[in-house]
Amino acid sequence: MSITEILFFFLSALAIGSAIMVLVSKNPVYSVLWLVAVFFAISGHYILLNAQFLAIVNLIVYAGAIMVLFLFVIMLMNLNAHSEPQKNLWMKLAGVISGGCFLMVLVSLVRQANELSNKKALTVEGNIGLIKNLGKVLFNDYVVSFEITSVLFLSAMIGAIVIGKKD
Amino acid sequence: MPIQYYIYLCLTLFSIGIIGVLTRRNAIIVFMCVELMLNAVNLLLVAFSKMHLATALVADKATKVGTDGQLFVFFIMVVAAAEVSVGLAIIVMLYRNTHSVDINFLNRLKN
């Protein structure tokens with residue numbers, strides 16, 4: 001096994017294990033911390049695919065900003081394991097079975113797809129994920145959607161303030 | 001790395017997100033599972049962009065195929081950040097009115 005494969009399987013195991021721990025944890029604060037671990041593992045996958053810009057953006061936006069926002073809200077509400085609402089066992093079982101059926105159907109679909117055989121994702125080679133290339137395309141071809149994004153952010157900010165305001 | 005490995009990994013993460021949405025009643029955990037599903041899709045988009053680059057590099061050494069996929073991931077992250085800010089504001093309002101984050105309280109919306 002090459003070092004790339006070892007890293008891939010390590011990061012995949014970390015991502016899946018942490019994602020399962022997000023569901024299993026009773027305390028919401030622990031769930032947030034496990035989700036941060038998932039995001040770190042996914043950033044590791046981006047670095048492995050040589051998408052360095054997305055790896056850094058993923059760390060800053062998701063693990064940095066969004067997860068801190070979640071932690072703030074949870075600590076503001078003073079949630080803990082005692083106040084956690086629980087579904088009954090049959091509902092949980094039904095959810096797990098339906099999610100497992102979804103996974104099974106899609107995995108069998110991928111196994112039968114002939115188009116995907118012998119296709120490989122480049123892991124170390126290829127420099128399309130560097131900031132230089134992405135910035136050139138972003139500010140030439142996608143500059144309109146980039147500007148519309150700023151309007152989206154402004155409206156989201158105003159919406160959050162209006163909704164969260166005490167009246 | 002064969003593309004199937006990435007597809008299986010992302011399908012597993014997406015299914016874990018679906019199971020979380022179906023089995024938990026805490027609104028914040030449900031929201032975090034939605035974020036998990038978004039991230040699974042992002043990882044799959046990056047893997048597919050590198051897959052198309054691998055096939056295009058055979059013909060042309062200086063090709064930039066696959067840049068669009070990575071920019072889509074960037075825009076998905078932007079939209080997710082906007083969505084989280086509004087969604088958490090709604091959850092805070094729900095908590096302020098009902099003193100609970102149980103999503104079953106949202107049943108009252110139907111009357």
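Tutor: An axis is a line fitted to C-alpha atoms, for helices over the stretch in contact, and the angle between two axes runs from 0 to 180 degrees between N-to-C directions. The model here is predicted. In it, the axes of helix α3 (residues 52-77) of chain A and helix α3 (residues 67-98) of chain B come within 11 Å and cross at roughly 5 degrees.

Student: How are α3(A) and α3(B) oriented to each other?

Tutor: Angles under 35 degrees count as roughly parallel, so α3(A) and α3(B) are roughly parallel to each other. Among the residues that meet are Val57(A), Val61(A) and Leu69(A) from α3(A), and Phe74(B), Val84(B) and Leu88(B) from α3(B). The residues of this contact comprise 17 nonpolar, one polar and no charged.

Student: At what angle do α2(A) and α3(A) pack?

Tutor: Helix α2 (residues 28-48) of chain A packs against α3(A) at about 175 degrees, the axes being 9 Å apart. Therefore α2(A) is roughly antiparallel to α3(A). The residues that meet include Phe39(A), Phe40(A) and Tyr46(A) in α2(A), with Leu59(A), Tyr62(A) and Phe70(A) in α3(A). This contact divides into 19 nonpolar, three polar and no charged residues.

Student: Which element gives the largest share of the side of chain B that touches chain A?

Tutor: In total, 58 residues of chain B are in contact with 69 residues of chain A. The largest share of the chain B side, 20 residues, comes from α3(B). By type, that side of chain B has 42 nonpolar, 11 polar and five charged residues.

Terms used: Residues are numbered from 1 along each chain as its sequence is written. Chains are lettered from A and ligands numbered from 1 in the order in which they are written. This is a predicted model: local features need pLDDT of at least 70, side-chain atom pairs count only at pLDDT 80 or more; totals for chains, interfaces and linings use all residues. Helices (H or I, at least four residues) and strands (E, at least two) are DSSP runs, numbered from the N terminus. Angles under 35 degrees count as roughly parallel, over 145 as roughly antiparallel, 65 to 115 as roughly perpendicular and the rest as oblique. Two residues are in contact if their C-beta atoms, placed from the backbone, lie within 7 Å. Ala, Val, Leu, Ile, Met, Phe, Trp, Tyr, Cys and Pro count as nonpolar, Asp, Glu, Lys and Arg as charged, and the others, Gly among them, as polar.
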